[in-house]
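Hello,

Here is the structure I promised to pass on. Please open it first, then read my notes below.

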Amino acid sequence: MHRKSKRSKPHLSDRIFFFLALLFLCATLLRTTPAISQLQQAVQTFLSGSHSLEEAVQAVGSFEAPSTQACFQEPTLPIELLPPPETLAATAAGVFPNEIDPFIPPNHASYPPPLSDSVLVSPFGHRTHPISGVRNKLHKGVDLAAPEGEPIHAIADGTIRVAAVSKSYGNYIILEHADGLCSLYAHCKKLLVQADTPIHAGQAIAQVGETGATTGAHLHLELWRAGRLLDPEDYIAL
């Protein structure tokens, strides 16, 4: 009567080779739950002495690492919207106007100034652009020089329609008032309000700065009505 041959326990050299192979596999595998589970099964199968190294690996499946695309695929990041151009940013309050309204109100300076202490350094109208040097270029508002960080106040009640940043205006705000009147505050150091926020006259909405295309700290203030530019000096006590 023949006895069944019993498989011998793995020799020390086999164990060393096996663990070296495991180290190599661990270095190439991703740390995923299925891969770790396969390794554990292979170890238990081999150490039981009933299977060779090859049989133990085949018993639990292939240890092939996932494809490079699966291993190194970066997560999809949310796309940040770029600051809108000026001509698009004001769509909520009307397109940036280029025409001047010839109407002058009978009562001048009906709105309070946006700054408590400032100096008018560039009035409304055509001028030579201080940066580009282009002559006879329309300056759509007034420039009020003031210390950086000085609070900027809303000239009247209204709603913030745009609070954004652009290449030329820097940090700016468009405030929509009653009767189609809009005021724009540009080159701000910091905006203190967000879009769609109701604002009261005199409320601090930003800080004087020199962001965007500017030669120094100042507030660029524009005033519009019904899509036409107004001279702020005709409406605000500057």
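**Starting point: His218**

His218 is buried, at a relative accessible area of 9%. Please note that this is a predicted model. Buried here means under 20% relative accessible area, so His218 at 9% falls within that class.

Where does His218 sit? Its place is in strand 11. The side chain of His218 makes a polar contact with the side chain of Thr214, at 3.1 Å. Beyond its neighbours within four places in sequence, His218 is in contact with Asp143, Leu144, Ala145, Ala146, Ala186, His187, Val208 and Gly209.

Strand 11 is mostly covered: of its eight residues, seven are buried. Its pairings are as follows.

- Strand 4 pairs with strand 11 in the antiparallel sense, over five bridges. Gly141 has Glu222 of strand 11 as its bridge partner.
- Strand 8 also pairs with strand 11 in the antiparallel sense, over six bridges. Here Ala186 has His220 of strand 11 as its bridge partner.
- Strand 12 runs antiparallel to strand 11, and three bridges join them. Leu223 stands opposite Leu230 in strand 12.

Strands 11 and 12 form a hairpin with two residues between the strands. In that hairpin, Ala226 takes a positive phi near 55°.

**The nonpolar core**

The largest nonpolar core has 37 residues. Which of them touch the most other members? They are Ile152, Tyr172, Leu184, Tyr185 and Ile205. Two or more residues each come from strand 4 (141-145), strand 6 (158-166), strand 7 (170-176), strand 8 (181-191), strand 10 (204-208), strand 11 (218-225) and strand 12 (228-230). Strand 8 gives the largest share of this core, six residues.

Take Leu184 as an example. Leaving out residues up to four places away in sequence, Leu184 touches Phe96, Tyr169, Tyr172, Ile173, Ile174, His220, Leu221, Glu222 and Trp224.

Two of those contacts, Tyr169 and Tyr172, also form an aromatic pair. The count of aromatic pairs comes to one. The pair is tilted, with 5.4 Å centre to centre and 45° between the planes. Both Tyr169 and Tyr172 are buried.

**Two loop residues to look at**

Asn136 is not a glycine, yet has a positive phi of about 55°. Asn136 lies in the loop between strand 2 (125-127) and strand 3 (137-139). Is Asn136 buried or exposed? Asn136 has a relative accessible area of 59%. Exposed means over 50%, so Asn136 counts as exposed.

Asp196 is not a glycine either, and has a positive phi of about 70°. Asp196 is found in the loop between strand 8 and strand 9 (198-199). Asp196 counts as exposed, at 57% relative accessibility.

**The chain as a whole**

The secondary structure comes to five helices and 12 strands. The chain has 238 residues, and buried residues make up 35% of them. Of the contacts between residues at least 6 apart in sequence, 63% join residues at least 24 apart. The accessible surface of the chain comes to about 14,800 Å². Carbon and sulfur atoms account for 56% of that surface.

Best wishes

Technical notes: Residues numbered from 1 in each chain as written. Predicted model: local features only at pLDDT ≥ 70, side-chain atom pairs only at ≥ 80, totals over all residues. Heavy atoms only, no water. Core = buried A, V, L, I, M, F, W, Y, C linked by side-chain atoms within 4.5 Å. Buried < 20%, exposed > 50% of the residue type's maximum accessible area, 1.4 Å probe, protein only. Helix = DSSP H or I, 4+ residues; strand = E, 2+ residues; numbered from the N terminus. Contact = heavy atoms within 4.5 Å. Phe/Tyr/Trp six-rings, centres within 6.5 Å; stacked < 30°, edge-to-face > 60°. Polar contact = N/O pair within 3.5 Å; in protein donor to acceptor, adjacent residues only side chain to side chain. Pairing = 2+ DSSP bridges. Areas by Shrake-Rupley, 256 points an atom, 1.4 Å probe, with all protein chains shown as cover.
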